[in-house]
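Hello,

Here is the structure I said I would pass on. My notes on it follow below.

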Amino acid sequence: MNASTQTLLSTLLEPLSSVSFASLNMGTLTPMLIVIAGALGILAIDLIKANMDKTLYVMISILVLVIDFIAVMGMSDVISVMGAQRGFFDVMLIDGLAILSQLIIIVASMLFIPLALTGKRFHEFAYPEFFALFLFMIAGFQFMVATDNLILIFVGLETSSLALYTMIAMHNRKKSFEAAIKYFTMGALAAGFYAFGAMVLYAVSGSVELAVIGEKISQAGVENIYMYLLVASAFMLGAFGLKLSLVPFHTWTPDVYEGSSAALAGYMSIVPKIAGFVVAMRLFELLTQSGVIWLDYVLFTVVVVTLTAANIWALVQTDVKRMLAYSSISHAGFVMAAIYLGTTQANSALFLYWILFIFTNLGAFTMLWVSRQKKVAETSEDHPFSKFSGMIKTTPIAAVSMAIFMLSLAGVPPFALFWGKIYMIGSAIQANELALALIMAINSAIAAYYYLKLILYMFFKEPVNDGSVYMINSSTSLKSIIGFALFMTIIAIMYVDPVLQFVTDAVQASGY
Amino acid sequence: MMDHILSFLVFFPLVAGILGFIVNKDSIRAYGLSVAAIELFASLALWFNFDMSHSGIQFVEQASIVSAFGINYFLGVDGISLFIIIMTTFMTFIALLGLSETPRIKNLIITVLVLEMTMVGVFVALDAILFYLFWELSLVPMLYIIGAWGGPKRIYASIKFFLYTFTGSLIMLVGMIYIAHMYYTLTGQWSFSLMDWYTMTFYDLNVQFWLFMAFFVGFAIKVPMFPFHTWLPYAHGQAPTIGSVILAAVLLKMGTYGFVRFSLPLFPDASVMMMMPIAVISVIMIIYTAMVAYAQEDIKQVVAYSSVSHMGVIVLGTFALNVEGISGSIFLMLSHGIVSGALFMLVGVIYDRRHTKLMSEFGGLASVMPAYATIFGVMLMASVGLPLTIGFVGEFLSLLGFYKVSAPMTVFAGTAIIVGAIYMLSAYKKAFFGPVTNPENAHLSDLNGTEKWALIPLVLVVAWLGVYPKPVLGPIDHSVKALVQFMHDNAVTEKAKAIIPAPLADANKGEDN
């Protein structure tokens, strides 16, 4: 790796003309370039002919994502033969993790963008900029996961975050502005933390590449630079705590979810987090492996506290969306355990869990999205539990779907998340963390209560309305998305095996 | 057909239940009954094709679900599970037959069919995760039955039922994963297959003890053992008749079956270690719930507490750790299923007519409803364990088994059964004998056609197996002997080997280690 730094330095010093194009390995950049081109294309279409319908932009976004998907799969074939690839002055790093997380990001984005095709009109979808921002954001996430260069991670992180802030603010609710500002402020804080952490790491190692940093740390001896590493990991933990909404950095999450549209809230509960997890995995496992034992203890505490406290807060929520916000904090805590454990099995469990989580959470948030009313006079909440009273009697199919999503979130077999849960608990036991495994199990039992609460409202209470409100915002596309999510949640038992195989191979090949 | 009969038994009710959504709601009862009848015949076919001379697992089906994590689709039956499966399909059929007019009957029948799938699944699964899957899934239909068709406090009762069992079984799940991991450290391969687990010996007694406890929490809540029993009276009190019948007849047996299938063979030393504490809890459970039953004014609560009390005898027999005790407890599971199911149905019959379950409202029913009173009387006798009824065989064997272990404890438990006879008879006296004091009772109609059709088969079974239990007891005994021998061989400590007999020792002489 030392040699690669030297080549990096020498290439930087040489005039650009002497750099051969082949050495840039542009294949590593292609997926991101495709998405960026797609975003620019959308803007160009608007320039040529304004006021096109949102269906056009949704479909263009999906097509771009399909091409993106194919490009990533192409890279996946390359690395399966030739091992991890570096490119573009060695700042890009395409390994199994990068491929896997890009695939997850792309698939999740493809599933979420059709949620714009609502029955009712929402003005943010009338702007093509919304879709351009969406694609820019995906490019940002892809950059984040496909590099081990601290600066490029930062650029990716900020690109995606800035796009996301704007998209939240475009929703026409007073609370949306509040949410966007809150998210922006917290995001700025996280960016500051991140920059500080990166700066300290640069100071001790003279490099911004994680691989080199690891090498320099072991050369210098951890005990000599322990204080610096402590500071760096503390800042990094703050930064990722804010991004991944780990307790005690989670306070923005419920408010931001509440202010955003349910579609975007669901998206935020999944895609930014998987990008964050991959970077956290690269960074924290490097630090813990170089001997920052302190970080191990702190990570353990963060995992346990996030898991438990978020569950307890979720118990007392009166709004389903806020409940789901806390629940997604708790789920993030659950998979954060993988980063604490750091074994191959745990890291595979993280990806398996998140893939299964996509389908279930997609379904749950889409169910909220289709019941989004224009104006709610009597209550400040969009989705209070009482709104779902007696849903089974008016819209039985919707109620059963929602119930299955809740059961899956609670970890009732054979629905999707159960398989992620047992594999994660299994990896905790494999790493000899029996206490952690028990805490995970008991938390699943606590969580069952609040998921069950919604089921109780839907199935056992008397209806409060004629049921039209539950599907008020639906369209064929949205119904298909719910159907797809439901299908994937129910038949998880069929595809867990191949997915796990694929995930384990990718994680193992990247050396995590 | 016979190769995949177990898969058929598991998935037929599910598929039929889903198709049931298409059936018109006026015809759904006939549909549900047909499905339950086919299921019952299929389980009887299983019995007739079962090789009685063979004590091991039969009709094995195996396929991989998650190969990297060692989760398999692994089904099989032996003499222990065979009759519990038949009892399950039989009681489901009878419960559907006796179902009275209910709102939203279509949803109820479909839910019962789905529940039947999960119940059969629990008893045929030989992979721990598959077992856990059906075990947990069975909570959902039951939650719906209690919550949607229950009494005024149904929501509280249903959520208490769900959370109690869910919590217990999650701890059991951690235990299961731990064992799979131990298998991994031994062989380099994860496995949740029970047959693979049986090949391991847990030499570290500490580990064995804590694993035993993890499983114990899951099973004890389900049974439910004192002091985890508090969810059950609520669940029974609020559940509709069909819910109580299935809960008492089948769902509770999952816990005791779990002891026999998992705890005993896997952890023989821990079982010996915990033998006396569990026996003490069981005796407390028998006596305490019998006393509580005596104080009840609601006839359904009397039946509910007496059902818990008899579950105590089952656990006591199981933890005698000898052939008589375990065989007796399995037989008692069957008889308890039939008898307590029948008693809950009988309570449902009177509730349909009077819409009250308070005994003070009744009195003199014997003169108004003679057929009803007769059947109630027969079931009552079976419940208290009168000789020549089905209840006697299991109770006698269970106590006999434990008598070999500890005579004083058995005397206590036996006394409790007599107390049981007192409260049941006193409840019977209050409700059925004496003059008709309440004018509302004067013109109650006796059992109608469907109720008779539902209850008379139960009476026949009670009499048949009470007089001649051999066809059922034989295969059970056969498999239990193998189980006890296995425990003896698998035990680590000399103390455990001394306590657990070796019934097949003559056959396997020299193989003892």
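**Salt bridges and the A/B interface**

Over all chains, a search of the whole structure turns up 15 salt bridges. Please keep in mind that this is a predicted model.

One of the salt bridges joins the side chains of R86(A) and E209(A), at 3.5 Å from N to O. R86(A) sits in strand β1 (residues 85–87) of chain A, and E209(A) in the loop between α8 (174–205) and α9 (210–220) of chain A, so the pair ties together parts that are 123 residues apart in sequence.

Next, the interface. In chain B, 33 residues are in contact with 36 residues of chain A. Between them the two chains bury about 3100 Å², with 83% of that area on carbon and sulfur atoms. The number of salt bridges between chain B and chain A is zero, while three residue pairs are in polar contact, both residues being at pLDDT 80 or more.

On chain B, the side that touches chain A draws at least two residues from each of β1 (58–66), α5 (128–137), α6 (139–149) and α7 (154–187). The element that gives the most to this side is α7(B), with 15 residues. Sorted by class, the side of chain B that touches chain A has 25 nonpolar, five polar and three charged residues.

One surface feature of chain B is also on my list. F11(B), V15(B), I18(B), L19(B), F21(B) and I22(B) make a nonpolar surface patch of about 600 Å². Of these, I18(B) belongs to helix α1 (residues 5–19) of chain B.

Regards

Conventions:
Residues numbered from 1 in each chain as written. Chains lettered and ligands numbered in written order. Predicted model: local features only at pLDDT ≥ 70, side-chain atom pairs only at ≥ 80, totals over all residues. Heavy atoms only, no water. Contact = heavy atoms within 4.5 Å. Buried area = accessible area lost by both parts, 1.4 Å probe. Salt bridge = Lys/Arg side-chain N within 4 Å of Asp/Glu carboxyl O. Polar contact = N/O pair within 3.5 Å; in protein donor to acceptor, adjacent residues only side chain to side chain. Helix = DSSP H or I, 4+ residues; strand = E, 2+ residues; numbered from the N terminus. Nonpolar A, V, L, I, M, F, W, Y, C, P; charged D, E, K, R; others polar. Patch = residues over 30% accessible without salt bridge, like charges linked within 9 Å, V, L, I, M, F, W, Y side chains within 5 Å. Areas by Shrake-Rupley, 256 points an atom, 1.4 Å probe, with all protein chains shown as cover.
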